[in-house]
Amino acid sequence: MTWRVGLVDSCGGLEGMDAAAPEDAWSLAGAAAFVPHDGRVECREPVADPTGHGSRIAALLISGRPVELLLGQVFTTLGPTSSAAVAAAIDWAIERRAGLIHLSLGLARDRAVLCTAVQRAIDAGCSLVAAMPARGASVYPAAYPGVIRATGDARCAPEELACLGPWFFGGCPRLEGARGGASIGAAWVTHAILQQSPLAAPAIVAALTARATYLGPERRTPAA
C-alpha cells in the first residue's frame, strides 16, 4: 500500500523538489492554497514556495518509499498563517483521503476551528504529525489529544529517533538548506513513519517507540 500524505506548509507545487532522488516513486495527488481574506479562507491556486521551507520538507518526505503527496499551502507569503487556513487545509486533505497529515508548524493559540478540524481528521482515521518545541509553551495542533508530537533532538543523526514521552518523538534537527529545530525534527519523524506501510496512529506510535535510539528527553548541562 502507498501512503497518501497531506503536507500543510509553504510548498505549492513541484518547484524546489530537485532534492528528491530521481528514483523516488512519488506522485502529486493535488495542491491548493488556503488564504485568509475578509474574515474567511479562500481556496486558490498555489503560488511558488515563498520560503523554500515546505519544498525541502516535501523532498524529505517523498524519499525512500512511494508517496502520494497532497500540498496544502498555508504560507503564500513570508508572513504568518492562521488557524482557519490550517484547518481548511486539513479538511481539504481529508476530503482527498489523506492517511497522514504532516504539519511542520505550530500556532500559539488554541482555536476552536483548528481543534474541530483535527478531530474530524482523527475521526476519519487519519494520523497527524505536528511540530512541538522541546521546551517552552505548547503550540497547536501538536498539543491536541491524538496528534503525534515531534521536535528536533540534537542527539539524533538522520534516520535516528528519540522517544521523549507518550506520543512525543524527536528527530534530527538538521536538513541541508533548511533552518534546524522542531519543524525539521518533525519532518524526520514523519520520514521514519513513511518508511513502513500505512498504519493507524496507535500502531505508528508503537513502531516509533520500538525503533527509538534514545529514550527520554535530552539532558542539558546548565551553563556555569
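Two strands are said to pair if DSSP finds at least two bridges between them, and with that in mind the partners of single residues can be read from this predicted model. In strand β4, for instance, Gln73 is the bridge partner of Ala33. The pairing between β4 and strand β2, which covers residues 26-37, runs in the parallel sense and extends over seven bridges.

Strand β4 also pairs with strand β1 (residues 3-9), again in the parallel sense and over seven bridges, and here Leu7 stands opposite Leu71 of β4. Strand β1 is in turn joined by three bridges to strand β5, made of residues 100-103, and these two strands run parallel. Leu7 has a bridge partner in β5 as well, namely His102.

If we now step back to the whole sheet, we find ten strands in an open arrangement, in the order β3-β2-β4-β1-β5-β6-β7-β9-β8-β10, with mixed pairing. At the edges stand β3 (40-44) and β10 (214-215), and because each has a single partner strand, one side of each is left without a neighbour in the sheet.

On the α1 side the contact is made by His53, Ile57, Leu60 and Leu61, while α4 contributes residues including Ile184, Ala187 and Trp188. The crossing of α1 past α4 is right-handed.

The cysteines remain to be considered. A disulfide is a covalent bond between the sulfur atoms of two cysteines. How many disulfides does a search of the whole structure find? The search finds zero. Cys43 is in no disulfide, since the nearest cysteine sulfur, that of Cys11, is 16 Å away, whereas a disulfide needs a pair of sulfur atoms within 2.5 Å. Cys43 counts as exposed, because its relative accessibility is 53% and the cut-off for exposed is over 50%. Cys115 is likewise in no disulfide, the nearest cysteine sulfur being that of Cys126, 15 Å away, and with a relative accessible area of 34% Cys115 is partly exposed.

Terms used:
Residues are numbered from 1 along each chain as its sequence is written. This is a predicted model: local features need pLDDT of at least 70, side-chain atom pairs count only at pLDDT 80 or more; totals for chains, interfaces and linings use all residues. Side-chain values use heavy atoms; hydrogens and water are left out. Buried means under 20% relative accessible area, exposed over 50%, partly exposed in between (1.4 Å probe, protein chains only). Helices (H or I, at least four residues) and strands (E, at least two) are DSSP runs, numbered from the N terminus. A crossing is left-handed if the near helix is turned anticlockwise from the far one by less than a right angle, and right-handed if clockwise. Contact means heavy atoms within 4.5 Å.
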